[in-house]
Amino acid sequence: MLSLAGIRAKALSKMGRHAEAEEALNRMTDLADRGVRGDAQGFWTPNELYFSQSWVYAAMGREEAAARAREELLRLTSTYVYETNIQLHAAWAAIVSGGVEQGASQAATTMASVPEQFRTVHVLETARMTLRAVPIEHRTHRAVGELRAILADSA
């Protein structure tokens, strides 16, 4: 149930349905706060809650809320996949809230620092979502071109 709520929140956010995404995220948070701990097999972890929050708030451009979620996630885990993805979430949030050059530069720097063998499908798709967040009229920025080139080299 918790994992499904997180998946739903992220899917809705990818479709630009931010109010519904936040609603799904709030449901997930409410369930976790009430002590629901995921599936009987133990595959769900609190990491998923904070990762989902980071994603949804980034897509909404809510930088402070996304930053709080990232801090909580890093308190629980520090795997390269989470670290890389949430750095990209920070860049995504910056782009959505109007800091296109800053966000694109941050995403390009993040991706440039990831060795080829660690550029997983998950990491690459998060970088692509970050790039897609750039408004058309800003796609000629230098940093946007750098990010695009890094992604093209990773294809």
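Is S154 buried or exposed? Select S154 to begin: the residue is buried, with a relative accessible area of 12% (buried means under 20% relative accessible area, exposed over 50%, partly exposed in between, with a 1.4 Å probe and protein chains only).

Before going on, some conventions. This is a predicted model, in which local features need pLDDT of at least 70 and side-chain atom pairs count only at pLDDT 80 or more, while totals for chains, interfaces and linings use all residues. Residues are numbered from 1 along each chain as its sequence is written, and side-chain values use heavy atoms, with hydrogens and water left out.

**Stop 1: S154**

S154 lies in helix α8, residues 142-154 (helices are DSSP runs of H or I with at least four residues, strands are runs of E with at least two, and both are numbered from the N terminus). Now show the side chain of R119, which is joined to the side chain of S154 by a polar contact of 2.7 Å. A polar contact is a pair of N or O atoms within 3.5 Å; within protein, one must be able to donate a hydrogen and the other to accept it, and residues adjacent in sequence count only if both atoms are side-chain atoms. A polar atom of the S154 side chain also lies 3.0 Å from the backbone oxygen of I150. Leaving aside neighbours within four places in sequence, S154 is in contact with E116, R119 and L124 (contact means heavy atoms within 4.5 Å).

**Stop 2: E125**

Select E125 in helix α7, residues 121-132. E125 is partly exposed, with a relative accessible area of 24%. Its side chain and that of R132 are joined by a polar contact of 2.5 Å. Beyond four places in sequence, E125 is in contact with K14 and R132. For a distance check, pick the C-alpha atoms of E125 and N85: they are 9.4 Å apart in space, and the residues are 40 apart in sequence.

**Stop 3: the largest nonpolar core**

Next, select L25, M28, W55, V56 and W92, the residues with the most contacts inside the largest nonpolar core, which has 25 residues. Such a core is a set of buried Ala, Val, Leu, Ile, Met, Phe, Trp, Tyr and Cys residues joined through side-chain atoms within 4.5 Å. The elements giving two or more residues to this core are α1 (2-14), α2 (18-33), α3 (46-60), α4 (63-76) and α5 (80-96). The largest share, 8 residues, comes from α3. Another core lies apart from this one; it has 18 residues, among them A91, M111, A127 and L151.

**Stop 4: the aromatic rings**

Show F51, W55, Y82 and W92, which form one aromatic cluster. There are 4 aromatic pairs, where rings of Phe, Tyr and Trp (its six-membered ring) pair if their centres lie within 6.5 Å; planes under 30 degrees apart count as stacked, over 60 as edge-to-face and the rest as tilted. The W55 and W92 ring centres are 6.0 Å apart with planes at 65 degrees, so this pair is edge-to-face. The pair links W55 in helix α3 to W92 in helix α5, 37 residues apart. Both W55 and W92 are buried.

**Stop 5: R70**

Finish at R70 in helix α4, which counts as buried at 16% relative accessibility. R70 touches S54, E63, I86, H89 and A90, leaving out residues up to four places away in sequence.
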